[in-house]
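Here is a short report to read beside the structure. Keep the 3D view open as you go.

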Amino acid sequence: MKVLAIDTSNLVMGIAVLDNGKVLGEYITNLKKNHSIRVMPAIEQLMEETGVKPAELDRIVVAKGPGSYTGVRIGVTIAKTLAWTLKKELVGISSLEVLAQSGKYFGGYTVPLFDARRTQVFTGLYGNGDNGKLQTVLEDRIILLKDWLEELQKLEEKILFIGNDLPLHQETIIEFLGSQAVLGQVADHNPRPSELGRIGMEREPEDIHTFTPSYLQLAEAEVNWLKSQGK
Amino acid sequence: MIKDEIILAIETSCDETAVAIVKNGTELLANIVASQIESHKRFGGVVPEVASRHHVEQITIVIEEALNEAKLEPADLTAVAVTEGPGLVGALLIGVNAAKAFAFAHGLPLVPVHHIAGHIYANRLVKEMTFPLLSLIVSGGHTELVIMKEHGTFQVIGETRDDAAGEAYDKVARTLKMPYPGGPHIDKLAQVGEPNIDLPRAWLEPESFDFSFSGLKSAVINTVHNAEQRGQVIKPEDLAASFQASVVDVLVEKTFRAAQQYDVKQVLLAGGVAANKGLRQQLENRFKDTKFDLVIPPLHLCTDNAAMIAAAGSVAYQKGTRGDMALNGVPGLDLEAQ
Ligand SMILES: [Zn+2]
């Protein structure tokens, strides 16, 4: 199975090409640059260097969010269009689940997080299942960091925190969890597109036309409109 | 045998997800528009984030519909054209990235198109262009007079200094408590009213082809407030007719003067407000029995669509305009730099 994996859901941009048991190539940057300009040239270049033609792909795997609304949409639009027009399978994977893979041999719980502004985070709780594969323990969500840490305090095991936004929140995390919290190292914080491709190979394909990003949040105008309707 | 040129075009600059297929620059094979207007009505205007979300939901469905309607496969296509700008950046990005992915998947050339160039070229689907020509573009975001001396070159000789005409319509409609989008409601109401309320017409400097509608908009709001304070009743249909007359008088007169000064052969109406009955009628009256050939496209080609992007894309393709995989959406794209 030949797979193209695309992640533009946050600041880190990642592309990978996998062929069955092998990661043929992987491209990651962690830069404040425009995904819309850079991602298609990166895909073009990586596919050319790995010698995989668009028509030879079997599956496109995309990080479906949460993250930057615009960023997620760029990756999802490209993945949907490629998969649909090439008549290939499409798989969407949580951007948090991809990031959590840095903790797959950790042994305890893993908490990936992206900053979501106003002291909120996009996060979820992942734990070790069988065969060293991570499983979702608590679903992805957007939550006030303090509320989330109070919930995590109830857990008995050590918790590994991962994400490039950790420096913004690590003080609060230590304040709540003390030595129960383990902070990832610098090279753990970039979600790896090869991991995205690997997980994507194991999942069921999506319906391409109806596939949408996982924003975890309504648009602000929608929230206000629902309020005005008394809902 | 010369091979047909078949262009698939994508347009997502505002609140319509549109895909069209045009053969040899003028023959419409498919023109699909998924409108989001029902969704944005709730908010009284287009909400950019909501528009972008709808575009992602619709994009592959609309491309598929267009190919099905034209009974074509990607292999039959010559190029992919897409609106590069101007427009809402988040919305533009969906069309641009879908177009890039589609072009990459099938090894097709990519042709970036200016949205306003598209509006002008909608006319070529109705009638062949003769140069030099003048185009009046009126929409929710634009009010411009553009001279074209040949295919693919644009000279903006006049533009709005504040609100676009369509914007003024929407704001006045809100004052009259009409639902969004207000333009069609005012136009309808104006048909049964009398233009008997004195409202200003912004002619600006004698030589200028620029427009200004914010003063008129304020005058309408003041008229309504003053009447309310004095306990007077203003007939909404008369106010609508008076407002419409002010807008249309200026648009039509400046267009006519520009046509004379630049000695053009054709005058083309373009943009969403071209659906306005009052504007169509007065243009037709003004240009009747003159040497100028007035062309007004049918309504479905005036509002945002991708057929116009394909028509403009065909000319750009023939001129050798190409985009690469780094093509981006440009919200403030300049028409004259095309
Ligand atoms: Zn338009």
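## Two packed helices

This is a predicted model. Start with two helices of chain B: α6, residues 182-192, and α8, residues 236-261. They pack at an angle of about 105°, and their axes are 7 Å apart. That angle makes α6(B) roughly perpendicular to α8(B).

Which residues of α6(B) and α8(B) meet? On the α6(B) side they are I186(B), D187(B), L189(B), A190(B), Q191(B) and V192(B). On the α8(B) side they are P236(B), E237(B), A240(B), A241(B), F243(B) and Q244(B). By class, this contact of α6(B) with α8(B) has 8 nonpolar, 2 polar and 2 charged residues.

## The zinc site

Now find the zinc ion. Its protein donors are H115(B) and H119(B), each through NE2, and D304(B), through OD. They lie 2.1 Å from the zinc ion. Along the chain, the donors follow the spacing H-x3-H-x184-D.

How far apart are H115(B) and H119(B) along helix α4? They are 4 residues apart in this helix of chain B (residues 115-121), so about one helical turn separates them. Are H115(B) and H119(B) buried or exposed? Both are buried.

## The whole chain

Step back to chain B. It has 11 helices and 10 strands. Its radius of gyration is 20 Å, close to the 20 Å that the globule rule gives for 338 residues, so chain B is as compact as a globular protein of that length. Along its principal axes, the C-alpha trace spans about 70 × 45 × 30 Å.

Buried residues make up 60% of the 338 residues in chain B. Among contacts in chain B with a separation of 6 or more, 74% join residues 24 or more positions apart.

Notes:
Residues are numbered from 1 along each chain as its sequence is written. Chains are lettered from A and ligands numbered from 1 in the order in which they are written. This is a predicted model: local features need pLDDT of at least 70, side-chain atom pairs count only at pLDDT 80 or more; totals for chains, interfaces and linings use all residues. Side-chain values use heavy atoms; hydrogens and water are left out. Donors are N, O and S atoms within 2.8 Å of the metal (3.2 Å for Na, K and Ca); water is not among the atoms, so sites may look incomplete. Buried means under 20% relative accessible area, exposed over 50%, partly exposed in between (1.4 Å probe, protein chains only). Axes are lines fitted to C-alpha atoms, for helices over the stretch in contact, and angles run from 0 to 180 degrees between N-to-C directions. Angles under 35 degrees count as roughly parallel, over 145 as roughly antiparallel, 65 to 115 as roughly perpendicular and the rest as oblique. Contact means heavy atoms within 4.5 Å. Ala, Val, Leu, Ile, Met, Phe, Trp, Tyr, Cys and Pro count as nonpolar, Asp, Glu, Lys and Arg as charged, and the others, Gly among them, as polar. The radius of gyration is taken over C-alpha atoms; the globule rule is 2.2 Å times the number of residues to the power 0.38.
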